[in-house]
Amino acid sequence: MDTGQREKAAVRIQAWWRGGRVRQALLQAALRAWAIQCWWRSAQAKTLEQRRRLALRLYTCQEWAVVKVQAQVRMWQARRRFLQARQAACTIQSHWRWHASQTRGLLQGCYEVKASHLELDIEILMA
């Protein structure tokens, strides 16, 4: 072989070698990029899950707060209705007693206790 052919063969071998090295470097870079992307996606998924859990926790707290407020309002309303009904019953009883005392007449009398028996003197006045 002459020197020209040797140079061409050497250039081809060098090009082949450099091409292999470049392809290997590109493959390693692609694998590293893929690993970084996988890590990033995992970190993003974790962050998204944390945000979702936090939002769920806040929603749950708000719902419980709403339930507690509703329970307090219902209890207040029930108590108010009960107190109104009790007041109405007291008013009705008071009026009924007054009416009964007016229509039945007044019971007046006196009593004495003696040694062996009780003497009663009762007068019923009808109005």
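Trainee: In which helix is the place of Leu31?

Mentor: Leu31 lies in helix α1, which covers residues 3-104. Keep in mind that this is a predicted model.

Trainee: Let me step back to the whole chain. How many helices and strands does the chain have?

Mentor: One helix and two strands. Along the sequence, the pattern reads α-β-β.

Trainee: How should I read the confidence? Which element has the lowest mean pLDDT, and which the highest?

Mentor: The general idea comes before the case. Where pLDDT is low, predicted coordinates should not be read in detail. Here, strand β1 (residues 106-113) has the lowest mean among the elements, at 55. Helix α1 has the highest, at 93. For the chain, the mean pLDDT is 86. A value of 70 or more is reached by 80% of the residues.

Trainee: Next, the aromatic rings. How many aromatic pairs are found in the whole structure?

Mentor: Two. An aromatic pair is described by two values: the distance of the ring centres and the angle of the planes. Take Trp16 and Trp17: their centres are 6.4 Å apart, with 50° between the planes. That pair is tilted.

Trainee: Are Trp16 and Trp17 buried or exposed?

Mentor: Both Trp16 and Trp17 are exposed.

Trainee: Why is the pair of Trp39 and Trp40 called tilted?

Mentor: The angle decides. Planes under 30 degrees apart would count as stacked, and over 60 as edge-to-face. The planes of Trp39 and Trp40 stand at 50°, so this pair is tilted. The ring centres of Trp39 and Trp40 are 6.1 Å apart.

Trainee: And the exposure of Trp39 and Trp40?

Mentor: Trp39 is exposed, at 56% relative accessible area. Trp40 has 47%, so it counts as partly exposed.

Trainee: Now the charges. How many salt bridges does a search of the whole structure find?

Mentor: Two. The idea is simple: side chains of opposite charge can pair when their charged atoms come close. Glu49 and Arg52 form a salt bridge, at 2.6 Å from N to O. Arg53 also forms a salt bridge with Glu49, with the closest N and O atoms 3.1 Å apart.

Trainee: How many residues apart are Glu49 and Arg52 in helix α1?

Mentor: Three, so about one helical turn separates Glu49 from Arg52. Arg53 and Glu49 are four residues apart in helix α1, about one turn of the helix.

Trainee: What links Glu49, Arg52 and Arg53?

Mentor: A network of salt bridges.

Trainee: How accessible are Glu49 and Arg52?

Mentor: Glu49 has a relative accessibility of 29%, so it counts as partly exposed. Arg52 is partly exposed too, with a relative accessible area of 45%.

Definitions and conventions. Residues are numbered from 1 along each chain as its sequence is written. Side-chain values use heavy atoms; hydrogens and water are left out. pLDDT is the predictor's confidence in each residue, from 0 to 100. Rings of Phe, Tyr and Trp (its six-membered ring) pair if their centres lie within 6.5 Å; planes under 30 degrees apart count as stacked, over 60 as edge-to-face and the rest as tilted. Buried means under 20% relative accessible area, exposed over 50%, partly exposed in between (1.4 Å probe, protein chains only). A salt bridge is a side-chain nitrogen of Lys or Arg within 4 Å of a carboxyl oxygen of Asp or Glu.
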